[in-house]
Amino acid sequence: MITESAIISMVVAFILGLLIGLLIKKVIQIGLIILAIIIILIAVGALSPSTVIHGIESLGVYASTAESFVKNEISILPYNSILFIIGLIIGLIKG
């Protein structure tokens, strides 16, 4: 018999997967828009490639900090739940 807490746990896992899939899709979209802006600015001469490379190198310092934060927080997610994975896929496709 499925208990009430099991149902709530499944619903929460699905919703978390849905929201994280949506978040991943939006972050990818924003990244592509920023990349297009940078390419256009380089093409018209407003930015030099060395300026962009320097900016990316300085972002690398912050990326390592973000990576350690994500490694600590990823253990909270029920990523081994099939409902989480289904929600994640739906969030990525439909988001």
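This is a predicted model: local features need pLDDT of at least 70, side-chain atom pairs count only at pLDDT 80 or more; totals for chains, interfaces and linings use all residues.

Mentor: A residue is called buried when its relative accessible area is under 20%, exposed when that area is over 50%, and partly exposed in between, with a 1.4 Å probe and protein chains only. Residues are numbered from 1 along each chain as its sequence is written, and side-chain values use heavy atoms, leaving out hydrogens and water.

The protein chain has three helices and zero strands, and along the sequence its pattern reads α-α-α. The radius of gyration is 19 Å, well over the 12 Å that the globule rule gives for 95 residues, so the chain is more spread out than a compact globule. That radius is taken over C-alpha atoms, and the rule is 2.2 Å times the number of residues to the power 0.38. Helices are DSSP runs of H or I with at least four residues, strands are runs of E with at least two, and both are numbered from the N terminus. The C-alpha trace spans about 65 × 30 × 15 Å along its principal axes. Of the 95 residues, 8% count as buried. The accessible surface comes to about 7,300 Å², and 77% of it belongs to carbon and sulfur atoms.

Now to the part you asked about. A pocket is found on a 1 Å grid over the protein atoms alone, as an open set of points with protein on both sides within 12 Å along at least five of seven lines; a cavity, by contrast, is a set of points where a 1.4 Å probe fits but cannot get out, and lining residues have an atom within 4 Å of a point. Its volume is the space filled by probe spheres set on the points, with grid points joined across faces, edges and corners. The largest pocket has a volume of about 200 Å³. Its lining consists of I34, L35, I38, L47, T51, V52, G55, I56 and L59. Two or more of these residues come from each of α1 (4-44) and α2 (49-73), and α2 gives the most, with five. By class the lining has seven nonpolar, two polar and no charged residues, where Ala, Val, Leu, Ile, Met, Phe, Trp, Tyr, Cys and Pro count as nonpolar, Asp, Glu, Lys and Arg as charged, and the others, Gly among them, as polar.

I38 lies in helix α1 and counts as partly exposed, at 26% relative accessibility. From I38 to L18 is 20 residues in sequence and 31 Å in space, C-alpha to C-alpha. A36 also belongs to α1 and is partly exposed, with a relative accessible area of 37%. The C-alpha atoms of A36 and I7, 29 residues apart along the chain, are separated by 44 Å.

For comparison, the second largest pocket holds about 160 Å³ of space. I20, L23, I24, I74, L77, Y79, F84 and L88 form its lining, which by class has eight nonpolar, no polar and no charged residues. L88, found in α3, is in contact with G17, L18, I20, G21 and I24, leaving aside its neighbours within four places in sequence. Contact here means heavy atoms within 4.5 Å. In α1, A13 counts as buried, at 5% relative accessibility. Beyond its neighbours within four places in sequence, A13 is in contact with P78, S81, L83 and F84. A13 and G55, a residue of the largest pocket's lining, are 42 residues apart in sequence and 37 Å apart, C-alpha to C-alpha. For the chain as a whole, 82% of contacts between residues at least 6 apart in sequence join residues at least 24 apart.

Methods
Accessible areas come from the Shrake-Rupley method with a 1.4 Å probe; for residues, only the protein chains shown count as cover.
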